[in-house]
Amino acid sequence: MSASIGNRLRQRLREMASYRDVLVRFPVVIALLLVATFVANLLIEEIGSAALVWRALMGLACAALAALSATLGLEALASRREMVGAGMRQLTAVIAGAFGFCLVWFQDALHTSTWLLAFALVALVPLSPYLAGGSGTAFRGFLGRLTFAFLLSCIGWNLLGIGLSLVFVSLNLLFGLEVPFQLYAHIAAITALLFAPLFWLALIPDSFYLADDCRLDRLSARAIGALGEWIAAPLILVYALILHAYAVKCLLGGGLPNGQSGWLVSGFGVCLLVALIVCRPFMREERALVRVLLRYWPWVLPVPLVLVVIAVAQRIGAYGVTPERYLLAALATVLAVVVLLQVFRRSRGDIRLMAAVPVVTMLVASFGPQGAEWTSIRSQGNRFLAIVEQPARDAEQTGQALAALRYLEDAGELGRVAPTGGMPASEAPSGIGPLARAWGLDPSLAATAGSDRYSRVYSGSTGVALEGFDLLLNAVDVSAGRQTEVTLPTGELLRLTVQGRELLVSAQARSIGFALPRQMTAASTGSAAEATLVTLRKDGVSIGLLPVTLSGSLTPEPTLDHLSGTVLLNARDWR
């Protein structure tokens, strides 16, 4: 009996020693987690400003991630060179944590993209020990160990949280004890922000040379290999063929890539990098598709990257920089750098660099004057001033100026474009109305704030002369993606739809897209002036349009989604 008690006691002491090791190894991270847990409970009790408390919670989470990355990075450096003491590691963790917290707390001044910063810091944790050395194989082993530890901590979090909740539910149902609903939220916050992270920290290995002792068992290796061989490799190669065929289409047709092609190419590049980082060691080159992918993957990226560059340059030239376009350009730059690194033998195939380049790019893009938000604000402000300072503006330019003004309003930077003579430049105007009128713009032409759509309703009754036309199609209602069929008196079947900024009219003999005037698709919401007959011409064919309503999207460029009204045409043109 005494021996059994002694064994249990020694086991408990070893468990306590392991947790003591965690406290000694990560004191700054654990302190930040304790404060974050306290702040989360304040948020649940609705103490203080919800916005400020939530910002503090996000700042503490980013601070903990930054401190953990700094600790792991210096631990790895000390294991290789033995030149960094424990005190220096903790001091660096404090500085990194303070930096991460300040980036979130002062996000209005620094224009921080909090979600981008958080994502970058999460990706930095497994990468930090290998920024100054190590091998790609060791990095992959450490990443696998962290992922496994994270899954275990999630299971423990759920078991602990659900178990405690069931205890309180049982007390309520069996003994009639009233348990406040907020208690369950407190349990979830404490287990998610403190207990689960502590369990995860305890499982982080203190050795960063995991190439040998972190090998997968045969079944897991086969599963990952099959994922790469039968799913990743074929789909990536098919996707590459599609993108190259689209590039040939643009080259032969003389057209430019559309705006959505940039995101498709970026998704292709991300999937390729993930497959190379995760699946490459387990893929067998005996298979033809795998051999082609592993040998020639750097050569399938340049042509799609050219598509991205053209698409992004076209959109930025027409509509200025936005955070989405900035990130698209940054991702294209990352892929280009990864491809260039394959030229050098020393960096060829190094997955540490494949992971480090995007992570560093995300960190740089998440805050400051070089970041996505600040760069977009400067671009939209300059674009607005360039438009309003022109002596003459058409309806489309007015819509673009108001769209830029709405973006600046959402970013809280209207004061950046305030006219020095019309209102004090130091005061941020409330709403875009006064500022638009100060620049001679009609704010009633702007769509609803924050909306990317427009609509027009033409009021009044109008008499129309049929001179030049012999058919009148009344109450025509067409939408994008849906054809409206009309049978002409001659028996011909006419199909109408909208595509882009065109009214597409098709018959058995021909199909013609009539471009609508730009002022009809400029940013506008509400009632417009009395409708007037608009004559549209193309390829020697004319039609008349008397619109009643129309609506569409303003981004990434003005397009028409719906149109209703009266259409005039000549029957002989459609026989």
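Predicted model: local features only at pLDDT ≥ 70, side-chain atom pairs only at ≥ 80, totals over all residues.
## Basis of the model

Local features require pLDDT of at least 70 and side-chain atom pairs pLDDT 80 or more, whereas totals for chains, interfaces and linings use all residues. Residues are numbered from 1 along each chain as its sequence is written, and side-chain values rest on heavy atoms, without hydrogens and water.

## Overall composition

The chain contains 17 helices and 10 strands, taken as DSSP runs (helices H or I, at least four residues; strands E, at least two) and numbered from the N terminus. Of its 575 residues, 45% are buried, that is, under 20% relative accessible area with a 1.4 Å probe, counting protein chains only.

The accessible surface of the chain is about 29,700 Å², and carbon and sulfur atoms account for 64% of it; the areas come from the Shrake-Rupley method with a 1.4 Å probe.

## The open sheet

Four strands, in the order β3-β4-β5-β6, form an open antiparallel sheet; pairing requires at least two DSSP bridges between two strands. The edge strands β3 (484-487) and β6 (511-515) each pair on one side only.

Four bridges link β3 to β4 (residues 493-499) in the antiparallel sense. Val 486 has Leu 494 in β4 as its bridge partner.

## The nonpolar patch

Phe 148, Leu 152, Ile 155, Leu 159 and Phe 199 make up a nonpolar surface patch with about 480 Å² of accessible area together. Helix α7 (residues 136-175) contributes the most, with four residues. Leu 159 lies in helix α7 and is exposed (over 50% relative accessible area), at 62%.

Note on methods. Patch = residues over 30% accessible without salt bridge, like charges linked within 9 Å, V, L, I, M, F, W, Y side chains within 5 Å. Salt bridge = Lys/Arg side-chain N within 4 Å of Asp/Glu carboxyl O.
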